[in-house]
Amino acid sequence: MTNSDLAARARSIMALEDQKKDIADEITERYADAKTNGYTVAALKRAIKIARMDSEQRARHESEQSDLLLYLEEIEGRSMREAAE
């Protein structure tokens, strides 16, 4: 390992870090644009997160959501039938 090898690696990493910051800034701008156009950013972020899940993660998420609704209905004293009406 030489100093020039280390310097080249460091420059490469720094360039990637700069690209990462630029991409993060672009993502922030896209969310701001969505908000300006009336979209709920929190919901959009959550939808994107769910859309990017693989099938196993998605199945786990859907199971958790189902449990959550069931628990909420129980806590609030509603049955699923009442909630649907």
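Helices (H or I, at least four residues) and strands (E, at least two) are DSSP runs, numbered from the N terminus. Arg30 is found in one such run, helix α1. What you have here is a predicted model, in which local features need pLDDT of at least 70 and side-chain atom pairs count only at pLDDT 80 or more, while totals for chains, interfaces and linings use all residues. Residues are numbered from 1 along each chain as its sequence is written, and side-chain values use heavy atoms, with hydrogens and water left out.

**Helix α1 and what follows**

- Helix α1 covers residues 3-36, a run of 34 residues.
- From its first C-alpha to its last, helix α1 reaches 49 Å, close to the 50 Å expected at 1.5 Å a residue; the expected span is 1.5 Å times one less than the number of residues in the helix.
- Just after α1, Gly38 takes a positive phi of about 95°.
- Arg30 counts as exposed at 53% relative accessibility, where exposed means over 50% relative accessible area, buried under 20% and partly exposed in between (1.4 Å probe, protein chains only).
- Arg30 and Val41 are 11 residues apart along the chain, and their C-alpha atoms are separated by 9.9 Å.

**Salt bridges**

- A salt bridge here is a side-chain nitrogen of Lys or Arg within 4 Å of a carboxyl oxygen of Asp or Glu, and by this rule the count comes to five.
- Side chains of opposite charge can pair when their charged atoms come close.
- Asp25 is partly exposed, with a relative accessible area of 34%.
- In helix α3, the side chains of Glu56 and Arg60 meet in a salt bridge at 3.9 Å, N to O. Glu56 is exposed at 57% relative accessible area, whereas Arg60 counts as partly exposed at 43%.
- Arg58 and Glu62 also meet through their side chains in a salt bridge, at 3.4 Å, N to O. This pair, too, is four residues apart in helix α3 and separated by about one helical turn. Arg58 is partly exposed at 34% relative accessible area, and Glu62 is partly exposed at 45%.

**Surface patches**

- Patches are made of residues with over 30% relative accessible area and no salt bridge, joining like charges within 9 Å and nonpolar side chains (Val, Leu, Ile, Met, Phe, Trp, Tyr) within 5 Å.
- Asp18, Asp22, Glu26 and Glu29 gather in a patch of negative charge on the surface. Lys and Arg count as positive and Asp and Glu as negative, with His and the chain ends not counted; the place of a charge is NZ of Lys, CZ of Arg, CG of Asp or CD of Glu.
- Asp22 lies in helix α1 and is partly exposed, with a relative accessible area of 44%.
- Leu70, Tyr71 and Ile75 form a nonpolar patch on the surface, with about 360 Å² of accessible area together. Accessible areas come from the Shrake-Rupley method with a 1.4 Å probe, and for residues only the protein chains shown count as cover.
- Tyr71 is found in helix α3, residues 55-75.
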